[in-house]
Every structure is written in C-alpha cells, then in structure tokens.
Amino acid sequence: RPRVLSGIQPTAGSFHLGNYLGAVRQWVALQETHDAFYMVVDLHAITVPQDPEELRANTRLATAQLLAAGLDPDRCTLFVQSHVPEHAQLAWVMNCLTGFGEASRMTQFKDKSAKQGADRASVGLFTYPILQVADILLYQAHEVPVGEDQRQHIELTRDLATRFNGRFGDTFTLPKPYILKETAKIYDLQDPAVKMSKSASTPKGLINLLDEPKATAKKVKSAVTDTDTVIRYDVAEKPGVSNLLTIYSVLTGTEIADLEEKYAGKGYGALKTDLAEVMVDFVTPFRERTQQYLDDPETLDSILAKGAEKARAVAAETLAQAYERVGFLSAK
Ligand code: AQP
C-alpha cells in the first residue's frame, strides 16, 4: 500500500470547516486505501505563544475530533507529534540543509509573521516548514493530503529530499501533494475572496465544527453572495455562491451540476436554508461523537500511545539511516 502522512494543529476550540473539507475528510477516505499516518502537530502549535494546560487539552480535543470525523485507529496510525522525538531530530538535519533565503520565501511564514509583527515572530515559526519536511520524510510518505495553502511546503519537502538524496545517497521518498481540486480552498463565508482560517476569518465567516448548530445555521444563512440571483458555479464571478455550492456538494455527495438544476429559478434564500440544514445534520452528530471521546480520556490516551509506538517504529528506522548517511558516529 502507498503511504500517506498528514497533520493538524491542536487548535483551541474546534476544527473549522476548511480543515475538515480541505484535509480531514480525505484522511478518512485514504485510510481505506493507504498505509496512513496522521498526527496532531503539537510541536507546530508552540511556534506561537501558548498556554501549557490549554495545549494539553487541545491536543486531546483534536484527537477526539479526528476520531469523531471517522479516523479509525485500527485502520490508520494516529499519534501526537511530540510523542515521536525523531521529528525534532530529523528537523535539525533538514534545517542545516535549508538556505536562509529559501526558508524566507515561505509565504505562510510571511503571512503569519506579518500578523505578529516580524520582530516578535519566533525562530520556530520561521523554521516550521522545515519541521514539516521532517514530518513527511520520516515516514517515506508518497502522498500528503492537505489544503492548497500547504502546497509550497510540500514543494520544499521535495526540494530538500532531492538535495539530501543527491548529497548523501538515496534515502527519502519524494512525496506528492494530495489536494482535491474541489475542496483545495474553502472560503470565508463573509469574504469569499479569502480562505476560511482560524486567524484571518471574522467569527461570522468561520464555521467551527463544534459551535452550537443553531449558530452555524445562522452563519450559513447570512453568508455573503452577490447582487445577482442565479445559482451557478462560477468562482470568478460568483465566489460566494460557488463556495456554498462546493460545501453543499461535498457534504451531501451531490454533483454541483445537479444542485444548479435543483435550484434553477429559486433564490439564494432557498439554497442557504437547505445548506443550513445540511450543515446542522453534519455537525450535530460530530459534536456528540467528539464529546463521547472527550468523556473518556483514558481511551484517547491509550489510542495515542499505541499510535506513537507504531509511528516510532517507522520514524526511528528512517532517522537512523539519515544519521548514518550524514556521518554521525553510531552510538553503541
Ligand atoms: N480554508 C481551507 N480550505 C481548505 N483546506 C484548509 N486547511 C486549512 N484551512 C483550509 C487545511 O487544514 C489542514 C490543517 O491545517 P492547520 O493545522 O494549519 O490548521 P489551522 O492552523 O487551524 O488552519 P488555518 O485556519 O489555516 O490556520 P491559520 O489561520 O493559523 O493559517 C491543512 O491541510 C490545511 O491545508
């Protein structure tokens, strides 16, 4: 089986609809066909200031949401990044292979550091794409299911893997991004020109999966569309309506063309009312399942312990090989 690897930050509160449709939904599907490794990336979470107790709680919360979304620990390896020390160890090697200018070109760093003020941004935030490179290469992943915003980091991963392999001999598999066109970028409901994101979206434009279903329905009903009335998929001319059609289509498994036909001659109100219902039907059981997992932290922790053991077996082998190749004396 080909291997996939991906990760998600243990965000405070809840995953948002962009995280789910852009990434986690694909993770669930890929565990059926691939040797799948998924992790909660707590090392990445400390690139910005965090509260220790909240980080611990958010790591369990992220795990509970991944299980609620359909990850099955018998079908995939689910673990927490800091439980596998090889990530930080390989990241150091990769840091030493990366040019300063090359790292400076990462657009996510530019965006995120601009928000914090460049002088306040941590060196960890600057090098986090390189930690991500290590995350992927440790598992010799063939594909990395992510949203469009991560494409540049997968390219960096390929560049660094090629560089390492060229300098030290074939060691790492070159991964490909696994990005589904239709859900590559889910947009903010209030500003369909920007991606839905926990840091950039206004509260009204961001659908948090664990919010009260009623509040979610309200956000859908007040989504920004346009002054036209026709329900048609056209990202350039009708970004708001197209975003709603994408969400509707993916959550119900209905082709967009069929939705366009269904709503021909009907107004935006009808589309929004129905989508609000679709969304409520989706988030209500998701919230319940998440809560059930959270109510049983021992089970969560034991799933993560087993996952870490499986992950370490793979990661340790790759790291040992990489260490040997760069010339570290092996510890006897
Ligand atoms: N709007 C989106 N559309 C499609 N995919 C998205 N992803 C995030 N936003 C969208 C994908 O979700 C996965 C996990 O991302 P993350 O761990 O970076 O989560 P996050 O930090 O909560 O994502 P945000 O909201 O995008 O964070 P900020 O605001 O800090 O930049 C990734 O595969 C990502 O592509």
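This briefing describes an annotated residue, the nonpolar cores and the salt bridges of the structure above. The model is a predicted one. A UniProt record, from an unreviewed entry, places the feature "binding site" at D135, and this residue is buried, with a relative accessible area of 2%. Elsewhere, the largest nonpolar core has 55 residues, and a search of the whole structure finds 14 salt bridges.

**The annotated residue D135**

- D135 is found in helix α7, which covers residues 123–138, and D135 counts as buried because its relative accessible area of 2% falls under the 20% limit.
- When neighbours within four places in sequence are left aside, the residues in contact with D135 are L5, M39, H44, Q81 and H87.
- With one of these residues, Q81, the side chain of D135 makes a polar contact of 2.9 Å.

**Nonpolar cores**

- Within the largest nonpolar core, of 55 residues, those with the most contacts inside it are L17, Y38, L66, L71, L78, L209 and I247.
- The largest share of this core is contributed by helix α12 (residues 268–294), from which 9 residues come.
- A second, separate core has 42 residues, among them V84, M106, I130 and F172.
- L17 touches G22, M196, I207, L209, I247 and M279, if residues up to four places away in sequence are not counted.

- Side chains of opposite charge can pair when their charged atoms come close.
- E86 and R312 form a salt bridge in which the closest N and O atoms are 3.1 Å apart; because E86 lies in helix α4 (residues 86–95) and R312 in helix α13 (residues 297–326), the pair ties together parts that are 226 residues apart in sequence.
- In that pair, E86 counts as buried at 4% relative accessibility, whereas R312, at 37%, counts as partly exposed.
- E148 and R151 form another salt bridge, with their closest N and O atoms 2.8 Å apart; E148 is partly exposed at 29% relative accessibility, and R151 is partly exposed at 32%.
- The side chains of D228 and K238 meet in a salt bridge of 2.7 Å, N to O; both residues lie in the loop between α9 (213–221) and α10 (239–252), so the pair ties together parts that are 10 residues apart in sequence.
- D228 counts as partly exposed at 33% relative accessibility, while K238 counts as buried at 2%.

Notes
Residues numbered from 1 in each chain as written. Predicted model: local features only at pLDDT ≥ 70, side-chain atom pairs only at ≥ 80, totals over all residues. Heavy atoms only, no water. UniProt positions renumbered as here; feature names shortened; annotations may be inferred. Helix = DSSP H or I, 4+ residues; strand = E, 2+ residues; numbered from the N terminus. Buried < 20%, exposed > 50% of the residue type's maximum accessible area, 1.4 Å probe, protein only. Contact = heavy atoms within 4.5 Å. Polar contact = N/O pair within 3.5 Å; in protein donor to acceptor, adjacent residues only side chain to side chain. Core = buried A, V, L, I, M, F, W, Y, C linked by side-chain atoms within 4.5 Å. Salt bridge = Lys/Arg side-chain N within 4 Å of Asp/Glu carboxyl O.
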